[in-house]
Amino acid sequence: MSRLCGGVRFSSCTPKVCIVGSGPAGFYTAQHLLKTHQNVHVDIYERLPVPFGLVRFGVAPDHPEVKNVINTFTQTAKHSRCRFYGNVNVGKDVSVGELKQAYHAVVLSYGAEGNRSMGVPGEGLAGVYSAKDFVGWYNGHPSCREVFTLNPDLNCETAVILGQGNVALDVARVLLSPIDILKKTDITQPALEALVRSQIRRVLIVGRRGPVQVACTIKELREMVNLPGTKSEMVEADFDGVTEALKDLPRPRKRLTELLLKTALDTPGDKEQQRRHQASRTWGFRFFRSPSEVLADADGNKTVGIRLAVTRLEGSGEGARAVLTGEVEDVTCGLVISSIGYKSHPIDPSVPFDTRRAVIPNTMGRVKQATGLYCSGWLKTGPTGVIATTMNNSFDTARSLVEDMESEALDLSSVKTGSEVISALLEERGVKSVSFSDWEKIDSVEMSRGEASGKPREKILTVEEMIQVART
Amino acid sequence: MLSRREVGGGRSSLGFSLIPSFPQGSNNKVTVHFINRDGDKITAKGAPGDTLLDVVLNEDLDFDGFGACEGTLACSTCHLIFEDEVFKKLGPVTDEEMDMLDLAYGLTDTSRLGCQICLSKSLDGMVARVPESVTDIRQSKDESA
């Protein structure tokens with residue numbers, strides 16, 4: 001279809017799209033765009049010098065197969081119509097407005113870099129961390145080095161995790177895994193060393209509601225149950241009525257609940273008795289408890305415990321609500337990790353943002369009250385779901401975008417110079433971007449350093465060093 | 001965790017070779033019919049011992065997002081649905097596979113993960129349907145949660 005471009009009849013101007021964020025959302029959106037539109041050019045901007053977002057910084061080190069998606073992202077990055085620009089902070093080095101001028105469409109896929117806070121007194125004490133920061137720390141996120149001025153203080157016997165989703169279980173598993181397992185993963189060296197010195201022997205995973213509402217999934221629960229050197233310790237009374245509820249549950253929830261029941265209540269056979277006897281570390285779920293205060297030592301600096309409000313359930317199943325009973329229970333602990341959700345932040349005042357839900361208001365990925373602006377991933381739907389969820393979410397956004405390109409809902413009539421303009425701006429501002437082949441140098445250095453210690457890679461932990469390697 | 005590809009031999013879901021080696025002639029190929037999300041029938045062939053994911057990849061069948069974790073039981077995107085008679089011939093499901101299958105969108109009683117199904121001559125002519133929208137259900141239904 002030909003179109004008027006600058007007064008002369010050309011065939012359609014080459015559509016230029018840029019994507020902000022190079023995690024699964026960014027890459028899957030790019031992938032789908034490139035596949036379904038034969039002319040579109042896609043530029044991916046990423047704040048860090050390294051790509052892949054939570055695949056690199058969120059997925060647990062002992063889940064390497066989940067990171068296989070990096071292979072398909074690498075293929076996308078190397079597509080002839082795709083370019084990766086790392087070390088570019090959108091919102092600081094370049095504005096969304098400038099991107100909108102340079103491109104026909106901008107897709108925001110920068111995810112959720114913040115976390116929900118518990119909103120309780122003592123949350124700021126030493127020894128209290130968000131799961132986002134804890135995970136970021138053991139996965140080598142450059143911004144998480146600063147959060148722990150020293151490594152987190154693991155010199156206590158008990159750690160309490162608030163939240164019972166898969167992230168909470170990842171944290172528990174990393175805290176209690178035998179070092180022999182962890183040392184063969186891509187966990188960072190400082191984290192590994194801290195865990196070697198760790199005194200933590202007991203991890204409680206606390207949730208407001210009951211066993212039937214637990215948010216983790218069965219694979220992760222099974223990993224805890226089978227974790228070498230550990231045994232579980234739960235409160236039998238928490239499981240009252242659960243066996244009766246089983247028959248009405250759909251298969252996935254039923255299997256999960258059955259495993260939980262078995263772990264909590266079954267009388268162990270001889271072999272299992274022996275295994276438990278030899279276990280030096282314990283973990284357990286605690287239900288019907290909600291954080292009400294983190295308790296400090298006499299000097300008021302360090303965490304010595306957490307006060308938990310006792311709840312009861314109103315209703316049943318997924319919709320059951322936790323209601324306070326007025327009772328409290330204090331648990332001695334030196335480490336508190338709140339794993340109650342990540343949270344997105346607004347990037348630019350010109351971009352609509354729903355502060356209550358912490359997402360960008362959109363319909364099928366099209367940002368509301370904006371043209372040429374789209375979103376995908378957690379920024380679009382909220383911070384839950386695994387990579388495959390984000391994949392579908394991103395495909396949907398890409399579909400909306402392609403639809404808009406083909407229906408002319410998106411104005412493709414003017415030539416856009418895309419990265420030419422943006423690169424010039426960045427250069428003026430002294431910002432040097434990192435290309436995908438620069439990343440491959442970083443990748444290669446990390447892998448060869450890892451080889452020396454029997455790890456798949458030894459992650460580079462600072463932006464400065466990443467850039468240094470990128471420039472070699 | 002071992003990738004299914006790293007386990008030697010016939011790559012059966014039990015981790016050792018159950019498939020005797022056939023000479024690689026085309027008359028030993030197994031025919032599989034896939035029904036894609038548009039309802040179209042796509043016929044492909046694979047060697048005995050290939051998984052259904054292998055067939056999809058080797059034959060470049062274009063199912064969006066299929067096999068994201070590359071056959072390592074870390075996702076549910078290779079979810080396929082079978083007819084009863086075929087399903088019964090597919091062999092036992094491990095807990096590991098069930099755990100991931102449980103997360104598949106549109107799970108049925110005759111669902112399996114394609115990366116765990118190995119071809120054999122007895123499955124020649126089988127039909128496998130690619131279900132709608134391969135979304136893991138590990139997400140909150142309430143987007144604001």
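In chain B, 66% of the contacts with a separation of 6 or more are made by residues 24 or more positions apart. This comes from a predicted model, as does everything below. Chain B is built from three helices and five strands, and reading from the N terminus these elements run β-β-α-β-α-α-β-β. Of its 145 residues, 51% count as buried.

Next comes the meeting of the two chains. On the chain A side, 31 residues are in contact with 30 residues of chain B. Putting the two together buries about 2,600 Å², with carbon and sulfur atoms giving 51% of that area. Three residues stand out here: Glu65(A), Arg251(A) and Arg255(A) supply 20% of the area that chain A buries against chain B, more than any other three residues.

Charge pairing shows up too, with a count of nine salt bridges between chain A and chain B. One of them joins Arg255(A) to Asp95(B), where the closest N and O atoms are 3.4 Å apart.

Which helices of chain A supply at least two residues each to the side that touches chain B? They are α1 (24-36), α3 (69-77), α10 (218-225), α12 (251-265) and α15 (387-407). The largest share of that side comes from α15(A), which puts in six residues. Sorted by class, the side of chain A that touches chain B holds nine nonpolar, eleven polar and eleven charged residues.

Turning to helix α16 of chain A, which spans residues 419-428, the buried residues are Ser419(A), Ile422(A), Leu425(A) and Leu426(A). Looking down the axis of α16(A), these buried residues fall within an arc of 125 degrees, so they line one face of the helix. After the helix comes Gly430(A), with a positive phi near 70 degrees.

Note on methods:
Residues are numbered from 1 along each chain as its sequence is written. Chains are lettered from A and ligands numbered from 1 in the order in which they are written. This is a predicted model: local features need pLDDT of at least 70, side-chain atom pairs count only at pLDDT 80 or more; totals for chains, interfaces and linings use all residues. Side-chain values use heavy atoms; hydrogens and water are left out. Buried means under 20% relative accessible area, exposed over 50%, partly exposed in between (1.4 Å probe, protein chains only). Helices (H or I, at least four residues) and strands (E, at least two) are DSSP runs, numbered from the N terminus. The arc is that of the directions from the helix axis to the C-beta atoms. Contact means heavy atoms within 4.5 Å. Buried area is the accessible area (1.4 Å probe) that two parts lose on being put together, summed over both. A salt bridge is a side-chain nitrogen of Lys or Arg within 4 Å of a carboxyl oxygen of Asp or Glu. Ala, Val, Leu, Ile, Met, Phe, Trp, Tyr, Cys and Pro count as nonpolar, Asp, Glu, Lys and Arg as charged, and the others, Gly among them, as polar.
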